[in-house]
Amino acid sequence: MGDDPHPAPPPKLRATGLTRGFGRGRKQLHALGPVDLDIAPGEFTCIVGPSGCGKSTLLRIAAGLLRPSAGRLEIRTDSPRPAAMIFQDYGIYDWKTVLANVRFGLDIQRVPRKEADAKAYDWLGRMGLADFAGAYPAALSGGMRQRVAIARALAVEPEILLMDEPFAALDAQLRTIMQDELLELTQATSTTTLFITHSLEEALVLGDRVLVMSARPGRIIAERRPPFGRPRTGDIRDAPEFTALKGELWELLRGEVRTEAVPA
Ligand SMILES: Nc1ncnc2c1ncn2[C@@H]1O[C@H](COP(=O)(O)OP(=O)(O)OP(=O)(O)O)[C@@H](O)[C@H]1O
Ligand SMILES: [Mg+2]
């Protein structure tokens, strides 16, 4: 102890024996875990796994929206900035305008109105939604609603970004653009990110590491670190190592998806 000149910084997020069930008695469903996981400051971690394996459950626990049934989840923050979560089903408010939705987190942080409006407009512009500031979500497409949710989460400049399939509703071109934007943004700000996706390609483009979860109850069964440094750009999609790693991840995942498909 004490003689390592470069001690590893303590993790930003640590899960220890994290487990979650739903329901009681014989009807109890063991949804998640046990999961042990350390996420270092500034690290971008992607999680892939079959549908229903507990990915959203894990993220909800990390966001403090759900308690674990057993085990612990600890988050170490250095500032009053919040962890922010983008819900799989957007979680935007239909009775608020697009601008008010994006400003929502800033309002909670009591950012002065003028400054909050400026930040919200800035993020709406980056998301290609500047013309829809005064619209209500009912008037938007699925992909546009998702962009509102992304803008809302990023506007608070969170210390930890928790994203649950944030790009799933976007078309392929926009999805690629958003991945590249997110790469740039998280690299510029060293935001610690936990990102769930069904897309192996997306996980490899974005992640410092990719975790593969088993079928329910979801446990982490493999970890791969894409051999691409930082800062990186979306050009790595064309690298031969990229294709090889994607194939390897798919092999790992395929067995779990099959397990899931067969009724117990
Ligand atoms: N509030 C809840 N009450 C009861 N069961 C729940 C609840 N939330 C999740 N579950 C169950 O827990 C399991 C894991 O759900 P979860 O949403 O975490 O899966 P997921 O990995 O995010 O799936 P997907 O990839 O389809 O989004 C599922 O079987 C789901 O039915
Ligand atoms: Mg989910």
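A crossing of two helices is left-handed if the near helix is turned anticlockwise from the far one by less than a right angle, and right-handed if clockwise. Keep that in mind as you open the viewer. The model is predicted, so local features need pLDDT of at least 70 and side-chain atom pairs count only at pLDDT 80 or more, while totals for chains, interfaces and linings use all residues. Residues are numbered from 1 along each chain as its sequence is written, and chains are lettered from A and ligands numbered from 1 in the order in which they are written.

**Stop 1: helix 3 and helix 4**

Select residues 113-126 for helix 3 and residues 142-155 for helix 4. Helices (H or I, at least four residues) and strands (E, at least two) are DSSP runs, numbered from the N terminus. Two packed helices are described by the angle between their axes and the distance between the axes. Here the angle is about 135 degrees and the axes are 9 Å apart. Axes are lines fitted to C-alpha atoms, for helices over the stretch in contact, and angles run from 0 to 180 degrees between N-to-C directions. Helix 3 and helix 4 are therefore oblique to each other. On this scale, angles under 35 degrees count as roughly parallel, over 145 as roughly antiparallel, 65 to 115 as roughly perpendicular and the rest as oblique.

Which residues of helix 3 meet helix 4? Show K119, A120, W123 and L124 in helix 3, and A151, L154 and A155 in helix 4. Residues are in contact if their C-beta atoms, placed from the backbone, lie within 7 Å. This contact has 6 nonpolar, no polar and 1 charged residues. The classes work like this: Ala, Val, Leu, Ile, Met, Phe, Trp, Tyr, Cys and Pro count as nonpolar, Asp, Glu, Lys and Arg as charged, and the others, Gly among them, as polar.

**Stop 2: helix 2 and its neighbours**

From helix 2, the contact uses V98, N101, V102, F104, G105 and L106; from helix 4, V148, A151, R152 and A155. By class, there are 7 nonpolar, 2 polar and 1 charged residues in the contact of helix 2 with helix 4.

Next, look at helix 2 with helix 3. Their axes come within 9 Å and cross at roughly 125 degrees. Helix 2 and helix 3 are therefore oblique to each other, and this crossing too is right-handed. Residues V98, L99, V102, R103, L106 and D107 of helix 2 meet A116, D117, K119, A120, W123 and L124 of helix 3. The contact of helix 2 with helix 3 divides into 8 nonpolar, no polar and 4 charged residues.

How many residues of helix 2 are buried? The count is 8 of its 11: V98, L99, N101, V102, R103, F104, G105 and L106. A residue is buried if 20 or more other C-beta atoms lie within 10 Å of its own, exposed if 12 or fewer, and partly exposed in between, with C-beta atoms placed from the backbone. The buried residues of helix 2 pack against strand 5 (83-86), helix 3 and helix 4.

Select I108, also in helix 2. Is I108 buried or exposed? With 10 C-beta neighbours inside 10 Å, I108 counts as exposed.

**Stop 3**

Most residues other than glycine have a negative phi, and most peptide bonds are trans. Select R110, in the loop between helix 2 and helix 3: its phi is positive, near 60 degrees. R110 counts as exposed, with 8 C-beta neighbours inside 10 Å. Then go to E165, in the loop between strand 6 (160-164) and helix 5 (172-189). E165 has a positive phi of about 45 degrees, and with 20 C-beta neighbours inside 10 Å it counts as buried.

For cis peptide bonds, pick G33 to P34, with omega near 10 degrees; P34 is in strand 2. Another runs from R230 to P231, with omega near -5 degrees. P231 sits in the loop between strand 9 (220-224) and helix 7 (240-261).

**Stop 4: ligand 1**

Finish at ligand 1, which is surrounded by 13 residues, the closest being F22, A31, K55, S56 and T57. A residue counts as near a molecule if its C-beta atom, placed from the backbone, lies within 6 Å of it. Strand 2 (29-39) and helix 1 (55-62) each supply at least two residues of this shell. The largest share, 3 residues, comes from helix 1. By class, the shell has 4 nonpolar, 7 polar and 2 charged residues.

Notes:
Contact = placed C-beta atoms within 7 Å.
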